[in-house]
Amino acid sequence: MGRYVPSLDLIPRVEAGEMGAIGRLISRAESGTPEAREALATIYRRAGKAHVIGITGVPGSGKSTLVAHFAKQLREQGLKVGIVAVDPSSPFSGGSILGDRVRMTELATDPGIYIRSMATRGAMGGMARAALDAVDILDVGGFDTVIIETVGVGQDEVEIARASHTTVVVSAPGLGDEIQAIKAGILEIADIHVVSKCDRSDANRTLTDLKSMLTLGALTSARGEWAVPVVGVSAISGEGFDKLLDKVNAHRRVAFETETGLARLARIARFRLVKTAENLLIERFTAAAERLAPKLSARLQRRESDPYTLANEMLLASAQKELADEHA
Amino acid sequence: MAQPIRVLLAKVGLDGHDRGVKVVARTLRDAGMDVIYSGLHRTPEEVVTAAIQEDVDVLGVSLLSGVQLTVFPKIFKLLSEKGVDDLIVVAGGVMPDEDVVALKEMGVKEVLLQDTPPAAIVATLERLVTERGAR
């Protein structure tokens, strides 16, 4: 017990597809230690083969159930499927309850399926900070398709579309009308719209609203050669999943073989770079903030200074510390 | 920053009583841990696979059906087959004292019975993870 295997030594075992090594390296990615990041540097260079599918939608829309059914179909095509399922952390305790696995029990012991649950730990945008590292690790571990299931999102958490090759937005019936459907935000990011729970009588209304929303924007929001489809599915009857699989396969070809797809790959790389820099900044700044906040906020409370002046002071101190560390 | 302790809480076999495990899940969440819940009626194979994929620190198996001496040997056999040697296995539920002794001999680190206060569950898991050390 307690022996520490260096992260770099895990890499060959990850490449051999060893479940335990994949799991451990994902934990190390979450911890974000310099030792782990050295290994992730190698992992990133070797990744890039998997088709990354983002699945997003409001809480309770049926994302996990959809993922379970869809992953089973991909398995029937002979593909190995990795799943990164994100659920929220408590803003109070920092703890979480990760319940997505409960919906995926049919996949539980298939060696061609890997399910990893992740908590957001304060990250905005619907993903966990280490989610994309986990995707790379699963990619290197030999999984052909990696599905990221976001937290149940609101209207505005659209990061997933900047990180995945194919974005699926799940809508459930009964949650809004055609005005909701033309609002900006989450509905804009879909490469494929799915309406879940299509066994319910009000599902047709949701299908119609989404389809008419798409025709309204047909002239202005062109996606090259790709026409965004709306697919109704029901996990109870199984209807619609064959069509969903066809659409995802078709979009995979768009993502990897067309000009539109290549442009998107460039945007994904750019997002990854900027997002990683942002995360590093937050890490460094949080450390500085924890050190300085008590003193500065006391001054703020006494109104001896103002938020902008003190916030600038904090940023400056954080940058100075970083410079000092670099020279040390 | 210290990483949250990761715990898989599992219900194994024909046992539909999940009120207790949900209270424990909530307690651990509120203590800042990441809690993965398996859902009801899982097999030892499913639980062990999930523990490996999720790379949890602690596997907590809740049993109110009296089959602990059947379930835990299977779990330990699977863990050793798969080469897992640093997982902390904990049992929870209602069971006779002699079974507690047998489970501990098998490798269960702690048995948390029905009268364990929530704070003691948290403290026990924190202690076990600290004793194990970094991995």
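**View 1. Strands β7 and β8 of chain A lie side by side in this predicted model.** Strand β7 (residues 192-195) and β8(A) pair in the parallel sense over three bridges; pairing here requires at least two DSSP bridges between two strands. Have a look at A:V194, whose bridge partner in β8(A) is A:V231. Strands are DSSP runs of E with at least two residues, helices are runs of H or I with at least four, and both are numbered from the N terminus.

**View 2. Seven strands of chain A form an open sheet.** Their order is β4-β2-β5-β1-β6-β7-β8, with parallel pairing. β4 (113-119) and β8 (230-232) each have a single partner strand, so one side of each lacks a neighbour in the sheet.

**View 3. Strand β4 of chain A is largely enclosed.** Seven of its seven residues are buried, meaning that 20 or more other C-beta atoms, placed from the backbone, lie within 10 Å of a residue's own. A:I113, A:I115, A:S117 and A:A119 point one way, and A:Y114, A:R116 and A:M118 the other. In a regular strand, side chains alternate between the two faces of the sheet. Strand β2 (residues 81-87) of chain A pairs with β4(A) over seven bridges, and A:V84 has A:R116 as its bridge partner.

**View 4. Helix α2 of chain B is also followed to its end.** Nine of the 11 residues of α2 (residues 44-54) are buried, including B:P44, B:V47 and B:E54. After α2(B) comes B:D55, with a positive phi near 50°.

**Notes.** Residues are numbered from 1 along each chain as written, with chains lettered from A and ligands numbered from 1 in the order written. Local features need pLDDT of at least 70 and side-chain atom pairs 80 or more, while totals for chains, interfaces and linings use all residues.

Key
Buried ≥ 20, exposed ≤ 12 C-beta atoms within 10 Å, placed from the backbone.
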